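Student: I have a model open in my viewer and would like to learn how to read it. Could we go through it feature by feature?

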Amino acid sequence: DQKHLTFESRLAAAAAQPVAHALLALMASKKTNLCVAADVTTSRELLSLADQVGPHICLLKTHVDILEDFTPDTVDKLKTLAEKHNFLLFEDRKFGDIGSTVARQYGGGLYATAEWAHLVTAHGLPGDGVIKGLMSAAGGRLRGCILVAQMSSEGALTSQGYAEGCIRMAASHRSFVAGFVSQSRVTSDPGFILMTPGVQINKTGDDLGQQASYVSPRAAVLERGADVIIVGRGVTKAEDPAAAAQTYKEEAYAAYTERITQ
Ligand code: BMP
């Protein structure tokens, strides 16, 4: 069972997916399972945030379509910061269309996401064509996707059956699916990485349907099965984002350490 396994001991199970493999190794060596959701509106803020929280994260999750001033230069600088601080880039695009459309959205357009994002999110809703489309546009690059199996928002339509369908879809595309966005332990397969958003210390939900109450990093890891916690405003709105990231990192990694020794 995945629950008690160390990230290192899951490397073999993730061998078919190069980004999942690299991420597990990175989390173990850097001792962080924190992903910061960098939901800011200017490139300057994005790059500044990435540089501040970089030492504490395994993944920087972006919504580049929130940026008012996106240019390829933003991406070049983000890549440099990812190398400097040793984290991976994760564009939360939530692809959700037929394969041929998704291939063009991922491989081209303004953002050319396949050029730079190690991981992207996708919905399982369209069926596995969405994965095939992404794979076709990834070409030979080392890329992967994270399927959104469950959502954190109130009234989400991601039923248990839907989540199970996502797991089955992933199991037949192991070379490309690295894991899931989830709110519970949707799979015990050690090859897949579970990432949980809706995490904040000392905070209830927002007024736009983020779940009625956020969960703590500890609860996300110990009760919801998160391997990686995804934290946005808990870090981005903090007075000192670097210090906040360090706090979230330490709490989440301590919970992981507790879990593997249970
Ligand atoms: P915050 O911690 O500020 O609530 O941000 C959560 C982040 O995770 C946002 O970037 C959001 O798009 C993302 N997210 C989520 O909140 N719930 C989901 O189910 C899936 C997500 O990707």
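Student: How many of the eight residues of S3 are buried?

Tutor: First, the ground rules. This is a predicted model, in which local features need pLDDT of at least 70, side-chain atom pairs count only at pLDDT 80 or more, and totals for chains, interfaces and linings use all residues. Residues are numbered from 1 along each chain as its sequence is written, and side-chain values use heavy atoms, with hydrogens and water left out. Helices (H or I, at least four residues) and strands (E, at least two) are DSSP runs, numbered from the N terminus. Buried means under 20% relative accessible area, exposed over 50%, and partly exposed in between, with a 1.4 Å probe and protein chains only. Now your strand: six of the eight residues of S3 are buried, so S3 is largely enclosed by the rest of the structure.

Student: What confidence does the predictor give?

Tutor: The general idea is that where pLDDT is low, the predicted coordinates should not be read in detail. The score is the predictor's confidence in each residue, from 0 to 100. Here the chain has a mean pLDDT of 96, and 97% of its residues reach 70 or more. For the complex, the predictor gives an ipTM of 0.99 and a pTM of 0.97.

Student: Back to S3, then. Which strand is joined to S3 by bridges?

Tutor: Two strands pair if DSSP finds at least two bridges between them. Strand S2 (residues 59-62) is joined to S3 by four bridges, and the two run parallel. Within this pairing, Lys61 stands opposite Phe90 in S3.

Student: Which side chain makes a polar contact with Asp92?

Tutor: A polar contact is a pair of N or O atoms within 3.5 Å; within protein, one must be able to donate a hydrogen and the other to accept it, and residues adjacent in sequence count only if both atoms are side-chain atoms. Asp92 lies in strand S3 and counts as buried because its relative accessibility is 8%. Its side chain is joined to that of Thr121 by a polar contact of 2.6 Å.

Student: Let's turn to the ligand. Which residues come nearest?

Tutor: Near means that one heavy atom of the residue lies within 4 Å of the molecule or strand. There are 17 residues around the ligand, and Asp39, Lys61, Lys94, Ser152 and Arg233 come nearest. By class, this shell has seven nonpolar, five polar and five charged residues. In that scheme Ala, Val, Leu, Ile, Met, Phe, Trp, Tyr, Cys and Pro count as nonpolar, Asp, Glu, Lys and Arg as charged, and the others, Gly among them, as polar. Strand S3 (88-95) and strand S8 (228-231) each supply at least two residues of the shell.

Student: How far from an oxygen atom of the ligand is the polar side-chain atom of Arg233?

Tutor: That distance is 2.7 Å. The side chain of Lys61 has an N or O atom 2.8 Å from a ligand oxygen, and the side chain of Tyr214 also has one at 2.8 Å from a ligand oxygen. Taken alone the ligand exposes 480 Å², and the protein buries 90% of that. Accessible areas come from the Shrake-Rupley method with a 1.4 Å probe; for residues, only the protein chains shown count as cover.

Student: Which way do the residues of S8 point?

Tutor: In a regular strand the side chains alternate between the two faces of the sheet. In S8, Val228 and Ile230 point one way, Ile229 and Val231 the other way, and all are buried. S8 has parallel partners: three bridges join it to strand S1 (residues 34-37), and two join it to strand S7 (residues 193-196). Cys35 has Ile230 as its bridge partner in S8, while Thr196 stands opposite Ile229.

Student: Where is Asp227?

Tutor: Asp227 is in the loop between helix H7 (217-222) and S8. Asp227 counts as buried because its relative accessibility is 0%. A polar contact of 2.9 Å joins its side chain to that of Arg10.

Student: Which residue has a positive phi of about 55° although it is not a glycine?

Tutor: That is Lys31, in the loop between helix H1 (18-30) and S1. Lys31 counts as partly exposed because its relative accessibility is 49%. Ala112 is not a glycine either, yet has a positive phi of about 35°.
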